[in-house]
Protein chains: 2
Amino acid sequence: MHAEIIAVGTELLAPNKLDTNSLYLARRLSERGILLVRKSIVGDDRELLADEIRRSRDASEVVILTGGLGPTLDDLTREAASDATGRVLNLSQAIVKEIEERFRKFNRPMAEVNKRQAYVLEGAEILHNPRGTAPGQWLEDKHGILILLPGPPRELEPMFEVACLPLLDRNAPPFRFHTLTLRVAGIGESDVDQRISAIYSAETRVATTILSAPGDIQIHLRAQADDQDEARLIATALGSAIREELGEAVYSTDGRSLDLTVASLLRARGIKLAVAESFTGGLLSTRLTDASGSSEFFAGGIVSYGDAAKRDWLGIDGELLGRSGAVSSEAAAAMAEAARHRAAEVLGDSAIGVSTTGFAGPTGGNQQDPVGTAYFGIADDAGTRVHRRQMGGGRRRVRVLGVQTALDLLRRRVLRLPGS
Amino acid sequence: MHAEIIAVGTELLAPNKLDTNSLYLARRLSERGILLVRKSIVGDDRELLADEIRRSRDASEVVILTGGLGPTLDDLTREAASDATGRVLNLSQAIVKEIEERFRKFNRPMAEVNKRQAYVLEGAEILHNPRGTAPGQWLEDKHGILILLPGPPRELEPMFEVACLPLLDRNAPPFRFHTLTLRVAGIGESDVDQRISAIYSAETRVATTILSAPGDIQIHLRAQADDQDEARLIATALGSAIREELGEAVYSTDGRSLDLTVASLLRARGIKLAVAESFTGGLLSTRLTDASGSSEFFAGGIVSYGDAAKRDWLGIDGELLGRSGAVSSEAAAAMAEAARHRAAEVLGDSAIGVSTTGFAGPTGGNQQDPVGTAYFGIADDAGTRVHRRQMGGGRRRVRVLGVQTALDLLRRRVLRLPGS
């Protein structure tokens with residue numbers, strides 16, 4: 001079965017915009033053995049878009065449109081699909097009700113223009129959108145399958161998972177791929193590749209892709225075989241071999257992010273923590289509270305950005321700050337201990353204190369500790385440890401990498417705690 | 001003049017590959033006032049590709065192909081271009097010599113297959129490739145301009161700069177576009193559209209696009225005229241009319257983000273602040289410290305995630321929390337006042353205190369304040385104000401939208417402060 005993806009929106013033709021929805025869709029299609037043969041990006045032009053749909057449907061059995069389903073007048077996907085298929089658009093009172101409901105729930109008046117989103121292609125199934133007002137549509141006729149999806153990834157992805165995949169599986173050939181993702185922290189991409197390239201290159205039945213983000217490497221294994229079980233066995237065996245080589249640096253084998261890994265580790269062991277952040281500016285607390293239920297292990301955080309906050313909010317000795325500087329091993333240790341102390345106040349119980357202090361740039365730094373240098377403190381029952389790291393890149397990257405480093409150091413520390 | 005870009009290569013249809021050449025080309029085209037109307041990505045299939053070229057040439061005056069010019073048998077751009085234009089491919093002895101030369105220079109034997117790169121469309125100009133063996137081609141005929149470029153960016157970009165731009169400038173009209181971006185916070189996308197659609201629809205010389213992110217709407221205006229000055233005047237006039245209608249909700253007219261807008265407002269007026277966050281978990285502090293120099297106005301933040309931290313770190317009355325709950329107008333007011341008090345400790349001076357407390361979900365909430373409800377407190381010299389908002393979407397969206405709302409409320413408050 002062949003598929004094409006059409007991304008709709010004039011903004012996607014700008015010099016700074018990429019259509020990333022198609023990456024997600026390409027992966028999902030490929031897992032089902034559906035071959036993506038063409039992608040295109042078309043502006044908000046009804047005639048051009050209708051042409052594009054007609055032509056894609058002539059060539060391929062599955063055509064997916066993303067975007068252009070919103071309420072405004074430049075959202076023209078519905079109209080273009082109607083032109084291309086010769087099917088009228090009918091107003092669905094059920095969808096109008098749902099949209100009205102949504103606005104009522106948020107206590108906002110519904111502008112009349114929102115009703116544009118309630119028009120459905122004759123014969124199409126409605127794909128429910130739990131995260132927005134624009135529903136998707138699924139049309140199956142003698143020309144094949146035509147799928148209309150909203151543009152925002154947070155609406156598109158759950159809709160595709162919940163509403164499209166089951167419909168697609170009805171049509172697609174049996175699944176004979178298995179994918180496995182290992183995630184790695186604390187070592188660099190070239191180190192990872194150097195250590196594992198001989199291992200994955202020898203396994204020709206698996207396509208291995210290494211993706212790298214600051215402080216976070218993903219190793220995607222995609223095994224192909226005659227049946228599903230065999231594909232799973234092949235992927236799992238290669239995953240184990242890679243894991244053996246990389247050891248503790250592999251933090252998850254189910255695609256789970258580092259913050260969720262740390263969260264479940266802390267929850268499982270009944271460990272609580274508080275943080276004192278400087279150069280990461282609140283991002284470490286943000287990551288720790290990304291998932292629901294984080295109050296179980298997260299006592300709170302103090303963003304002591306300047307020296308005064310370090311002194312007055314955390315009780316760090318002003319003399320220490322004067323002597324060693326706020327970006328120093330001594331300051332990191334004192335901040336971690338203060339966080340630990342503050343957590344105990346709140347919890348009436350012992351906890352881990354984690355601190356970050358560094359030069360995020362572009363200004364700051366000195367001969368010994370240039371921009372990109374950071375110190376991370378971890379204080380627990382067994383004492384306080386400080387780790388120094390030198391990071392490259394701009395301010396944003398240094399902050400993101402700093403948080404990733406703090407989470408990884410915390411993870412490795414918790415794995416070593418006695419009695420756990 | 002209209003242009004289309006066709007990226008060639010099966011590898012560009014994989015779940016981890018994006019066509020980034022088109023971003024560079026889009027920028028270069030737009031600078032010359034050439035409108036990019038469509039992009040597509042086609043695999044290494046001669047027939048599909050020939051079809052794509054034919055169709056793009058029918059629709060647009062400039063068609064650029066990237067990739068598929070290499071020596072191997074799956075490099076089919078030359079052949080497909082020949083099929084689409086009905087022009088034969090002639091072997092250029094000059095290019096053969098150049099390729100042989102290149103191999104000799106690197107002391108490598110030349111495989112016969114490399115001669116494939118020396119075939120040139122009848123009537124096309126050769127575009128020299130200083131960084132690789134595959135030359136580009138430029139064909140200009142009654143159907144328009146067809147450009148064949150190599151895929152690797154390091155070969156494509158210098159070739160386009162040196163060989164294509166002068167040829168393009170011969171054909172393209174003088175630059176005559178002006179773009180303007182208004183950014184809006186505090187009102188929804190459909191409200192914005194309802195209020196301004198009559199204004200922008202009446203101005204047919206401007207292409208208006210509305211982009212929406214949680215709590216952040218961008219209105220892109222792209223004016224077209226006979227000359228640059230006129231285009232700027234048209235865009236500016238429409239921008240002013242829209243701004244008049246939306247008033248204070250327009251927070252920037254130079255594309256600047258809300259956090260940077262708030263930062264420069266605080267800095268300009270010499271106002272400092274501290275924050276106490278609950279459901280936003282540190283993200284408000286993170287946004288406020290995203291840019292360098294934020295210590296000028298940001299005293300620090302306290303992430304008082306649980307009730308205990310609100311009580312022990314901020315000094316919020318336990319009875320108040322018990323009576324009204326942590327997600328309440330009373331708690332938001334007390335948190336903002338505590339942040340203000342804490343800031344004064346650090347600064348020895350008055351400051352604004354900002355607080356967030358809410359139900360980010362998916363659990364929590366009650367009849368009166370369901371998931372998505374949040375209270376925002378702002379405490380300053382003139383007293384304390386609390387704003388309630390009901391937000392939709394998942395946990396991540398509620399948190400992002402909550403931070404955006406807090407920043408916008410702070411911005412509007414600062415604009416109203418006396419003496420400023």
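User: How much space lies in the second largest cavity?
Analyst: About 30 Å³. Keep in mind that this is a predicted model.

User: Which residues line the second largest cavity?
Analyst: Asp259(A), Leu260(A), Ala263(A), Arg287(A), Leu288(A), Ala291(A) and Phe297(A). Two or more of the lining residues come from each of α8 (258–269) and α9 of chain A. α8(A) gives the most, with 3 residues.

User: How many cavities of 30 Å³ or more does the structure hold?
Analyst: The count is 2. In the largest cavity there is about 70 Å³ of space.

User: What lines the largest cavity?
Analyst: Residues from chains A and B. From chain A there are Leu18(A), Asp19(A), Ser22(A), Lys39(A) and Ile41(A). From chain B there are Leu18(B), Asp19(B), Ser22(B), Lys39(B) and Ile41(B). Strand β2 (35–42) of chain A and β2 (35–42) of chain B each give two or more residues. The lining divides into 4 nonpolar, 2 polar and 4 charged residues.

User: Pockets now. How much space lies in the second largest pocket?
Analyst: About 1,400 Å³. Its lining has 38 residues.

User: Which of them lie nearest its centre?
Analyst: Glu157(A), Arg183(A), Ser257(A), Asp290(A) and Arg396(B).

User: Which elements supply at least two residues of the lining of the second largest pocket?
Analyst: In chain A, they are α1 (21–31), α5 (153–171), β9 (177–184), β10 (206–213), β11 (216–224) and α9 (283–288). In chain B, they are α9 and α13 (395–416). The largest share, 5 residues, comes from α5(A).

User: How does that pocket lining divide by class?
Analyst: Into 13 nonpolar, 11 polar and 14 charged residues.

User: New topic. How many aromatic pairs are there over all chains?
Analyst: A whole-structure search finds 6. One of them is edge-to-face, between Phe298(A) and Tyr305(B), at 6.0 Å centre to centre with 70° between the planes. That pair crosses between chains. Phe298(A) sits in strand β14 (residues 298–303) of chain A, and Tyr305(B) in the loop between β14 (298–303) and α10 (307–312) of chain B.

User: Why do Phe298(A) and Tyr305(B) count as buried?
Analyst: The cut-off is under 20% relative accessible area. Phe298(A) is buried because its value is 2%. Tyr305(B) is buried because its value is 14%.

User: What about Phe279(B) and Phe376(B)?
Analyst: They form an edge-to-face pair too, 6.2 Å centre to centre and 70° between the planes. The pair links distant parts of the chain, 97 residues apart. Phe279(B) is in the loop between β13 (273–277) and α9 (283–288) of chain B, while Phe376(B) is in strand β16 (residues 373–380) of chain B. Phe279(B) counts as buried at 3% relative accessibility, and Phe376(B) is buried at 2%.

User: Last one: β3 (residues 62–66) of chain B. Is the strand mostly covered or uncovered?
Analyst: Mostly covered: 5 of its 5 residues are buried. Val62(B), Ile64(B) and Thr66(B) point one way, and Val63(B) and Leu65(B) the other way.

User: Which strands pair with β3(B) in the parallel sense?
Analyst: β1 (residues 2–8) of chain B does, over 5 bridges. Ala3(B) stands opposite Val62(B) there. β8 (residues 144–149) of chain B also pairs in the parallel sense, over 5 bridges. In that pairing Ile64(B) stands opposite Ile147(B).

Definitions and conventions: Residues are numbered from 1 along each chain as its sequence is written. Chains are lettered from A and ligands numbered from 1 in the order in which they are written. This is a predicted model: local features need pLDDT of at least 70, side-chain atom pairs count only at pLDDT 80 or more; totals for chains, interfaces and linings use all residues. Side-chain values use heavy atoms; hydrogens and water are left out. Buried means under 20% relative accessible area, exposed over 50%, partly exposed in between (1.4 Å probe, protein chains only). Helices (H or I, at least four residues) and strands (E, at least two) are DSSP runs, numbered from the N terminus. Two strands pair if DSSP finds at least two bridges between them. Rings of Phe, Tyr and Trp (its six-membered ring) pair if their centres lie within 6.5 Å; planes under 30 degrees apart count as stacked, over 60 as edge-to-face and the rest as tilted. On a 1 Å grid over the protein atoms alone, a cavity is a set of points where a 1.4 Å probe fits but cannot get out, and a pocket is an open set with protein on both sides within 12 Å along at least five of seven lines; lining residues have an atom within 4 Å of a point. Grid points are joined across faces, edges and corners, and a volume is the space filled by probe spheres set on the points. Ala, Val, Leu, Ile, Met, Phe, Trp, Tyr, Cys and Pro count as nonpolar, Asp, Glu, Lys and Arg as charged, and the others, Gly among them, as polar.
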